[in-house]
Amino acid sequence: MELSYPEKLTLIKLAELKRAKVEELVKESGLEQVAVMRALLGLQAKGLAKLHERSERVVKLTETGMKYAQIGLPEWRALKVLREKGKATLDDLKDVLSEDELKPIVGLLRREGWANVRKEDGKLVLEITEKGREASERPIDKALKLLAERGEVPVKEIEKLVPVNELKRRKIGEEDVITERVAEITEKGEELVKKGLELKKEVSVLTPELIKSGKWREVEFRKFDIKAPVRRIYPGKKQPYRAFLDKIRRRLIEMGFIEMTVDSLIETQFWNFDALFQPQNHPAREWTDTYQLKYPKVGSLPDEELVARVKAAHEHGGDTGSRGWGYVWSPERAMLLMPRAHGTALDARQLAKGVEIPGKYFTIQRVFRPDVLDRTHLIEFNQIDGFVVGEDLNFRHLLGILKRFAVEIAGAKKVKFLPDYYPFTEPSVQMSAYHPELGWVEFGGAGIFREEMTKALGIDVPVIAWGIGIDRLAMFKLGIDDIRYLFSYDLRWLREARLVW
Amino acid sequence: MPKFDVSKRDLERLVGKTFSVEEWEDLFLYAKCELDDVWEENGEIYFKADSKDTNRPDLWSAEGIARQIRFALGFQKGLPKYEIEKSDVVVYVDEKLKDIRPYGVYAIVEGLNIDEEALRQMINLQEKVALTFGRRRREVAIGIFDFDKVKPPIYYRAAEKTEKFVPLGYDEEMTLEEILEKHEKGREYGHLIKDKPYYPLLVDSEGKVLSMPPVINSETTGRVTTETKNVFVDITGWDLNKVMLALNVVVTALAERGGKIKSVKVVYPDFEIETPDLTPKEFEVELDYIRKLAGLELSDGEIKELLERMMYEVELENRRAKLRYPAFRDDIMHARDVLEDVLIAYGYNEIEPEEPKLAVQGRGDKFIEFEDAVRELMVGFGLQEVMTFNLTNREAQYDRMNLPCGEHQEECRDYFNHPPAELVEIENPISPKWSALRNWLIPSLLDFLSQNTHEEYPQKLFEVGKATLIDESRETKTVSESKLAVALAHPRVTFTEAKEILEGVMRHLGFEYELEEAEHPSFIPGRVGKIIVNGETIGVIGEIHPAVLENWGIEMPVAAFELFLAPLYTEPYL
């Protein structure tokens, strides 16, 4: 049977006493009153002890009573003066009696028959009687003594001496009800003690001293309420959306993609549009749809040969087998700077720089669009896209790559493909993936880069461009319906957000 | 990109067959459209069509969609045929329009039976073509008139700004100038001609005004209703090919409704043409090119059949296909464009996807992996990662940081690059709040703290993000450097706590660093320093100045540091 340290100690003491008041056990064990009570209740619950409670009316000594016990009752103090002097005026008693005590003293002495009263020269004079000279301890004196000794005395006992009312009237005692708790050991308790109880000291904290000294062997650990509530604490944590992007990045690398980076968030229109065969009068390049910089305004163009090929592709197709857009291409327009609007700009840069063939490339890029920030639009966001380049790539491969993304990243079982349009790809595809919980989600777009673009950049084999839209997926994963929370400025949400893995 | 509503009943009337909504969803794909939405209105089913191709205006109305679907389903094959009859109508174009809006092309369509739905499609097509294909009417503006109210010959001429007519929607005459100022359309499109010495005007032989291209039609002739039987179409712009194409799109759409096309002679000062010209265009492709890129085993005959369903006339010859395609298309620049049509006719969802087997190995960027390691370390210090916007504004970067420099770049000072004196700013921001790219990160963290003053402290944040700086040596004149920024906010925070973390970072990255006292108004004097590694200043650390905290509305002390990560990077072997 598991007994706590106070339980064991109390039981051992109780075994010695057999039956004892709680106060006695407090004295014997040296434990706090509360600890003894808790131990006794515990012992009772385990059938090792019984706790009896008894109520009793008692008389308690008052403060006045305590004073009388020390300096004597007023009548005794007055009598002492009379015994010395034979007679006395009230003035003579002022030394031994307080103002309050002075008034009723004449009545008291006369009732006891200890003095006679008469008037001399208009003053009251007290004169001691024979009875006064011989007076000795009365029942009320005994009662006071008893009270002074014990503090409180059962009414029954006091009533044998004086009526309780008399003590109350004289403000010596007052009546009260006390509850007395008496503990008694049971047979089972005695047997347990006989078998021997190992008594160890209880501690609440395991201190280094206890470990060092080895004293931990001699103590018991106070039981904890393991269900008690605790404080809420917040770990250091990665930003949930960024953690989600990290995860996709790892997955893409596992799938064989090489990561592309770039040195600035700013791009020239050349790489953002022109190198992608997007004509300079394309609606997406209008002032309202494309940011322009106030400072710095213009950047520079890459090497002349490349620029000449891009210019030719736009104007008449150059040697790309195309008739081109048929307009005069402006290098000044291409030099304008803007915050990068799509990750595809990196594809163009990488293709111009040179690529491994076959090769698979990706980038996770921060891009910017002139939009209004609200619960469904961001002004800057992350785009995941890239390309696959290889000698014999075809349209079926493009669908295969897209489908793989849907399976690997969206957990989709079904996909469907729709014709789409991008200025830089032909043919172009949009993919919807069937997400187990979201239903059909527009998940990505792809196409084979136009030859007008790839040939101008110096690549002679098919290049499949792809991009995947993961925002809805991320929002679902993070349990949010406001897209702004992807870049959350809400610390509580960040603190409470579940881990992404 | 263009989106428009079509009625199911109208489409089915044009196709000649009825289908279920699900079937329509698939049929739309043949016309490069996505069925965006379906709803019922007055007992009729309507679809929202989202047309994907910005270079196929012929697919931007019910007539065009229905035509393509009719061919795709094999109800018709090869080239769509339209009869053109010559009319004796002549339009004379004024020489003075050369630098104002030089080209106008015209046609008459007779015998129309226009109901509400047909009228709706006509207006929709006109709007979409002028908006998207015509670049908001700059390159193409379209007018359609009740031909019975017009007395040919017709004159497209340069007019004085004081000439008058009643614009559509008004009941009194206004001068051309007044129309640009007061009329709704005048205010919207007036900028296209405002600075010209004359304004373009289309008038008939009696001097009745048809329209002021590209702004507004006249009330008298420019209102087409369900009563209208015969229409006169006017297209103006800057490029003859482009306006001719738009004219073809519009007249063939009207012909799909049973209209009879009649051509018009247009007399320019130096030449004349008969418009519209619906002569098919030609292109040639190698069949092997199509097969190879499609990845499909297609016979020559199969390719021919697929192309005929996409409205091509095909002649096979020597493993090549000689193609003739409709004059309402102008998007075929390369064999790739033909390839896509073959694939769309075949059906994207009928093609078995195949993953390419490529012997390649993935690899992550090493610097990004270094950033990730730093982020792990910061999380280990118990800091919460945040991801904030790069877009910000001048006030947040300087003024609020107690570094006032007003509106002018030249007045900003450089504080050892934290921040630098120069800021990358956007000319045409949507909001002044997002009008620059940040050049240091601590303001972003203070912005974050200012939005969370009601949250429990301590608040300890970090971000690994970009600061965009000017660098004249680069192609983009800028560089976005990777940085680590830390902000600690709680009642007892001091410089020491920030320094403890900084020191932890340096120790774990294996770098010795020094702090040098610095003067910097964003921080409390005497509690700010430059972070120096290998003799180079790479960052700043300090207690944020109470004036700055007040500017951000933060009532809690903040200690922070920020540094460039590149100087702490060493390339790993692995």
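# Domain contacts and salt bridges

Mentor: In this predicted model, domain 1 and domain 3 of chain B bury about 1,000 Å² between them, and carbon and sulfur atoms give 55% of that area.

Trainee: Where are the domain bounds in chain B?

Mentor: Domain 1 covers 1-76, domain 2 covers 82-275, domain 3 covers 281-348 and domain 4 covers 366-568.

Trainee: How far apart are the C-alpha centres of domain 1 and domain 3 of chain B?

Mentor: Those centres lie 23 Å apart. The contact draws 11 residues from domain 1 of chain B and 11 residues from domain 3 of chain B.

Trainee: How many salt bridges and polar contacts are there between those two domains of chain B?

Mentor: The rule finds one salt bridge across that interface. Three residue pairs are in polar contact between domain 1 and domain 3 of chain B, counting pairs with both residues at pLDDT 80 or more. On the domain 1 side, the elements giving two or more residues are α2 (21-30) and α3 (62-72) of chain B. The largest share of that side comes from α3(B), with four residues.

Trainee: What kinds of residue make up the side of domain 1 of chain B that touches domain 3?

Mentor: That side has four nonpolar, two polar and five charged residues.

Trainee: Which residue of chain B does R249(A) form a salt bridge with?

Mentor: The partner is E369(B), and the closest N and O atoms are 3.3 Å apart. This pair crosses between chains, from helix α14 (residues 240-254) of chain A to helix α11 (residues 366-380) of chain B.

Trainee: Is R249(A) buried or exposed?

Mentor: R249(A) counts as buried, because its relative accessibility is 7%. E369(B) is partly exposed, with a relative accessible area of 35%.

Trainee: What about R329(B) and D341(B)?

Mentor: Their side chains meet in a salt bridge at 2.8 Å, N to O. R329(B) sits in the loop between β18 (320-325) and α10 (335-346) of chain B, and D341(B) is in helix α10 of chain B, so the pair, 12 residues apart, links distant parts of the chain. R329(B) is buried at 2% relative accessible area, and D341(B) is buried at 2% relative accessibility.

Trainee: Which residues do salt bridges with shared partners join into one network?

Mentor: The network is made of R242(A), D246(A), R249(A), E259(A), E369(B), D372(B), R375(B) and E385(B).

Trainee: And R150(A) with E157(A), what is the N to O distance there?

Mentor: That salt bridge has an N to O distance of 2.9 Å. R150(A) is partly exposed at 41% relative accessibility, and E157(A) is partly exposed at 28% relative accessible area.

Trainee: Changing topic: where is Q459(B)?

Mentor: Q459(B) is in strand β23 (residues 459-470) of chain B. Its relative accessible area is 0%, so Q459(B) is buried.

Trainee: Which backbone oxygen does the side chain of Q459(B) reach at 2.8 Å?

Mentor: The side chain of Q459(B) reaches the backbone oxygen of N452(B) at that distance. The backbone oxygen of E455(B) lies 3.2 Å from a polar atom of the Q459(B) side chain.

Trainee: What else is Q459(B) in contact with, leaving aside neighbours within four places in sequence?

Mentor: The contacts include L491(A) and R495(A), along with L449(B), A487(B), L488(B) and A489(B).

Notes
Residues are numbered from 1 along each chain as its sequence is written. Chains are lettered from A and ligands numbered from 1 in the order in which they are written. This is a predicted model: local features need pLDDT of at least 70, side-chain atom pairs count only at pLDDT 80 or more; totals for chains, interfaces and linings use all residues. Side-chain values use heavy atoms; hydrogens and water are left out. A salt bridge is a side-chain nitrogen of Lys or Arg within 4 Å of a carboxyl oxygen of Asp or Glu. Buried means under 20% relative accessible area, exposed over 50%, partly exposed in between (1.4 Å probe, protein chains only). Domain bounds come from an automatic or database domain assignment. Contact means heavy atoms within 4.5 Å. Buried area is the accessible area (1.4 Å probe) that two parts lose on being put together, summed over both. A polar contact is a pair of N or O atoms within 3.5 Å; within protein, one must be able to donate a hydrogen and the other to accept it, and residues adjacent in sequence count only if both atoms are side-chain atoms. Ala, Val, Leu, Ile, Met, Phe, Trp, Tyr, Cys and Pro count as nonpolar, Asp, Glu, Lys and Arg as charged, and the others, Gly among them, as polar.
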